[in-house]
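Subject: Structure for you, with notes

Dear colleague,

Here is the structure we spoke about, and my notes follow below it. Please read them with the model open beside you.

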Amino acid sequence: GATTSSAAPPAASWAQKLAPLLFRDINTLADVAVRLYRDDGTLDEDAATELGRVLWAAKDDDAKRGADGGAPAEAKPTAARVSLRLLQLVVKAAAHFDAHEVQVISSHRGKARKGSRHRSGEAIDFVFPGVPPKKLADLLRSFARVGVGVYIHPRSQFVHLDVREQSYHWIDSSPPGRSWREHA
């Protein structure tokens, strides 16, 4: 007769090399260290959920109640709100630079302008400590179907990454609170 095996899935060497990545929201100081992938290369849904909770909760009152604070029953699960592809691209970039921390300037913003991918959980503004924003943006621009903006004003240096159907890149040298862009 047939036998079943409970052997673990084969390990993926690239996934085994990934150390936990610390995501820290510089505004709320909320943080979480996660490994988005298991050793076999599959996505760790629990890690994605926890990361989504930190990224989503920064600006919205309903998310601040969260799982521990009694979110309303009609609220969608947090992980569904943050794009998994977006998270995967940030982890891929962190692995490329051997970065161990993501400083999140902005992620989900429920009150962002209509059409903003921040509003839908498909955008993040961030930096890796020690990695120049221009160098990070150069790598991100090599990914397919992304929006990449480099904010280069001395008081606000960071990179915007979003997921979209057609790639678009820009440079913004305006000071905080102002906006003028140059297509890159």
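The structure holds eight salt bridges, a salt bridge being a side-chain nitrogen of Lys or Arg within 4 Å of a carboxyl oxygen of Asp or Glu. Before I go through some of them, please note that this is a predicted model, in which local features need pLDDT of at least 70 and side-chain atom pairs count only at pLDDT 80 or more, while totals for chains, interfaces and linings use all residues. Residues are numbered from 1 along each chain as its sequence is written, and side-chain values use heavy atoms, with hydrogens and water left out.

**Salt bridges**

One of these bridges links D162 and R164, whose closest N and O atoms are 2.7 Å apart. Here D162 is buried, with a relative accessible area of 2%, and R164 is also buried, at 17%; buried means under 20% relative accessible area, exposed over 50%, and partly exposed in between, with a 1.4 Å probe and protein chains only. Elsewhere, salt bridges that share partners join R24, D31 and E101 into one network. Within that network, the side chains of R24 and D31 meet at 3.1 Å, N to O; R24 counts as partly exposed at 28% relative accessibility, and D31 is partly exposed at 37%.

A further salt bridge brings together the side chains of R53 and E50 (2.6 Å, N to O). Both residues lie in helix 2 (residues 45–57), three residues apart, which is about one turn of the helix; helices (H or I, at least four residues) and strands (E, at least two) are DSSP runs, numbered from the N terminus. R53 is partly exposed, with a relative accessible area of 27%, and E50 is partly exposed at 31%.

**Strand 4**

All five residues of strand 4 (residues 123–127) are buried, so this strand is largely enclosed by the rest of the structure. Both of its faces are covered, with A123, D125 and V127 buried on one side and I124 and F126 buried on the other. Strand 4 pairs with strand 3 (residues 101–106) in the antiparallel sense over three bridges, where two strands pair if DSSP finds at least two bridges between them; S106 has D125 of strand 4 as its bridge partner. Four bridges also join strand 4 to strand 6 (residues 156–163), and these two run antiparallel, with D162 of strand 6 as the bridge partner of A123.

**Core and helix 5**

The largest nonpolar core has 43 residues, and those with the most contacts inside it are F23, F126, F128, L136, L140 and L161; such a core is a set of buried Ala, Val, Leu, Ile, Met, Phe, Trp, Tyr and Cys residues joined through side-chain atoms within 4.5 Å. The largest share of this core, eight residues, comes from helix 5 (residues 84–97), in which L86, L87, L89, V90, V91, A93, A94 and F97 are buried. Leaving aside residues up to four places away in sequence, L161 touches, among others, L86, L89 and V90, as well as A123, I124 and F126, contact meaning heavy atoms within 4.5 Å.

Helix 5 has 14 residues and reaches 20 Å from its first C-alpha to its last, close to the 20 Å expected at 1.5 Å a residue, the expected span being 1.5 Å times one less than the number of residues. Just after helix 5, D98 takes a positive phi of about 55 degrees.

With best wishes
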